[in-house]
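I opened the notebook to look up a few features of this structure. The entries follow in the order I took them.

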Amino acid sequence: MFIKISKSYEILSNEERRSNFDRYGQMDENQPFGHSQHHGFRSFHNSFYFDESFFHFPRSRDFADSKYMLHHAQFNSDVLPDSHKRPYLIKVTSEWCFACIHIEPVWKETVQELEPLGVGIGIVDLGYERRLANQLGAHRAPSIIGLVNGRVTFFHQAVVREHLRQFVEDLLPQKLVEKITDNNYRTFLDSWHVENKPSLLLFDQIPIVPLLYKLTAFAFRNYVRFGFVDQGETHNARLLRIFNINTYAPTMLLFKEDTEKPVDIIQARGMKRQIMDEFVSNNKFLQVPRLVSQQLFDELCPVKQFHRRRKYCVLLITGEDQAFLPGNKAFLDFATANRKDVLRFAYVYQRHQQPLCQALLHNQAVLSPQVVILERRSQAGKVLFRSVSGGWNGSEEDKYLLHEQLELLQKDPTYLTSDATLPELNNEMAPIFIIQWMNAAYDYIVQIYDDLLYSNWREMMPILSLIFSALFILFGTVIIQAFSEPGESKPRKPKPKEQPQTEDDASSRANTSSRPPKKDFVEVTELTDITYTSNLVKLRPGHINVVLVLTNISKNALLRKFAKEVFSFSGTQTLHFSFLNADKHRHWMPSLLRSASEAAWSESHSDDDEESSDYSGHVLALNGYKKYFCIFRPVFTGDDPNDSSSETSFSSDRRKSRSRSRSSSHSRSRSHSREDRAGSKRGSSRATHIEVHHKLDRLGLWMERLMEGTLPRLHVPAWPMLDDTTTNSFTES
């Protein structure tokens, strides 16, 4: 029983053996596929039998197919990371699939052609790897999928070998290989300093870049820059003559810091992928590369694993200014002349890698380049190092001293006496966030377009549902509200008759109408041609704009007094505060008063008087939606203690206010008008005696009455234009 349980566990834990058991019922690996079942079936029906071999269904897959079978765990652990180094061509198939049998010969020819070039091949069984098929987005067989950089792309053309080859080529990025001519070859080779990579040139007779060369460039794109030279073009003759290229066979030249002479050459008629990989792998780095990322540091100076595999990193800490170029060139010459398997030469710019330099130099400021010899001991960043005394100027004495210390280090590994923990290096070559975001957005848009073009509705349904939901919310809440006037849909209710208010009711209503200010200041904006429409003509229903009229002379004093008086009301959401410069818009106030109701102004005002009046210190409460306003005029408060008229005026005003609160709304409106006219007469008779900062002394009481709703309202048919040139025209809201 224990043996049976063990065998059952072994079968269930192995995807391939479990699949064989489900298909053929076999438990032994050495037993031929399907032998136990189909042999008896055939012997029993010797004269007539039916199995998959009649239609050539390979249920017992041959070795050529079984080695390409992909499982879910294997795909995520091996294939997906490897797709960043080479593209994969994956076929999705299933049993009893007639179309799969039809494309099988073309598939085998394509595999035999592309696999030697370095293309990864995979097969997914839709019936037994449903989880992997769902991850790939494949829901029918047969399907052919391209995988590169972790991105899945479906093949939608006719299954022909040329189409499959072009499909794989289109999966690769566009700018892997640069076309090189006599005009740009010097720029291409001299870019090693900026790109921090060697340069590889391929010379060939064909006009297009070979797929083999593109696949090699994709695998080593992070290490080497690739260029292609067409030998058949006439404008490349100078390039062929300089490097003495044989035109009868493809030639590859690899350049590092020296752009005049290649460091390695390979020439062969039948260029193989293994030869190209070995050629590039041996020349992945410059003679003295610059440390620009942690990945480069890990590959160039690996952590010591065994005693015989010690790797010492000779690091030059320098700058990128012109003054450091002679020392950097001398360090490159020294590294070229003293290359050994245990030594790795590199340099770093102190300005770009400050944490690393501070850890090695003990936070000391560096005025001249320094050379540090280090050995990495752990992945956590622990190193043993020693600084070369005297710095580095590139002189012969500095070269001799560095050579002497390197000889001592190879004889005695304890020569490195200092230790430190290095931080992770900054990635100087990393693209900025906006570029990464744009690339991701581009891939996403391309994928959506591809799904829409080929009707992959199963994958597109969640995205389409999200898009249509967002559009529905947009049209329902924004656009409809923008095109509909507020209050149109609501029927206007008849206004109830106002009930007489007592003084206590009015005070309680004023207290509830105003809220405590949310800020410690009052926002006062100027009414100009730009803000006039939004702050008055198109003002929202229920909102009131309190406008102070001033001049250039009285601007500062009146604004300070205005802000002080209305500060306690600034917490109300429906109140806005502005000011109007009467010097800039001198015709606006007379136009507004002329457009008011004739009954309210005909008794004591004329047009000539309005044109000549001084409106500085007047305050208007404007309701832009209902086209009415309330006006406040400066009233002398009698701040002089010798003048007793102030007390009389104040007590009289209080008595009138109490009498108004007991009267009806119509009589209250008429008494307000009479009082305002009386106040205007008193103000006009003593206007010369009112100083600027006293004009708004009674504004606080007027604001309380405004919040109570007890001020008289003057209606206008339309708001006048703010432009002085059109004084007689009006603006309809």
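How many disulfides does the count come to by the rule? I took a disulfide as a pair of cysteine sulfur atoms within 2.5 Å, and the count by this rule comes to two disulfides.

Before going on, I noted that this is a predicted model, where local features need pLDDT of at least 70, side-chain atom pairs count only at pLDDT 80 or more, and totals for chains, interfaces and linings use all residues. Residues are numbered from 1 along each chain as its sequence is written, and side-chain values use heavy atoms, with hydrogens and water left out.

Entry: cysteines.
I looked up cysteine 97 and found a disulfide joining it to cysteine 100, with S to S 2.3 Å. The torsion about their S-S bond is about 75°, so this disulfide is right-handed. For burial I used relative accessible area (buried under 20%, exposed over 50%, partly exposed in between; 1.4 Å probe, protein chains only). Cysteine 97 is buried at 9%, and cysteine 100 is buried at 6%.

I then found a disulfide from cysteine 301 to cysteine 313, with S to S 2.4 Å. This link has 45° about the S-S bond and is right-handed. Cysteine 301 lies in the loop between helix H14 (294-300) and strand E10 (312-318), and cysteine 313 lies in strand E10, so the pair ties together parts that are 12 residues apart in sequence. Helices (H or I, at least four residues) and strands (E, at least two) are DSSP runs, numbered from the N terminus. Cysteine 301 and cysteine 313 are both buried. With the bonded cysteines numbered in sequence order, I wrote the pairing as 1-2, 3-4.

I also checked cysteine 357, which is buried with a relative accessible area of 2%, and cysteine 630, which is buried with 4%.

Entry: a loop residue.
Is isoleucine 208 buried or exposed? Isoleucine 208 is exposed, with a relative accessible area of 60%. I placed isoleucine 208 in the loop between strand E6 (199-204) and helix H11 (211-219). Its C-alpha atom is separated by 9.5 Å from that of valine 229, which is 21 residues apart from it along the chain.

Entry: a helix pair.
I looked up which residues meet between H22 and H28, taking contact as heavy atoms within 4.5 Å. Phe562, Glu565 and Val566 in H22 meet Leu699, Gly700 and Met703 in H28.
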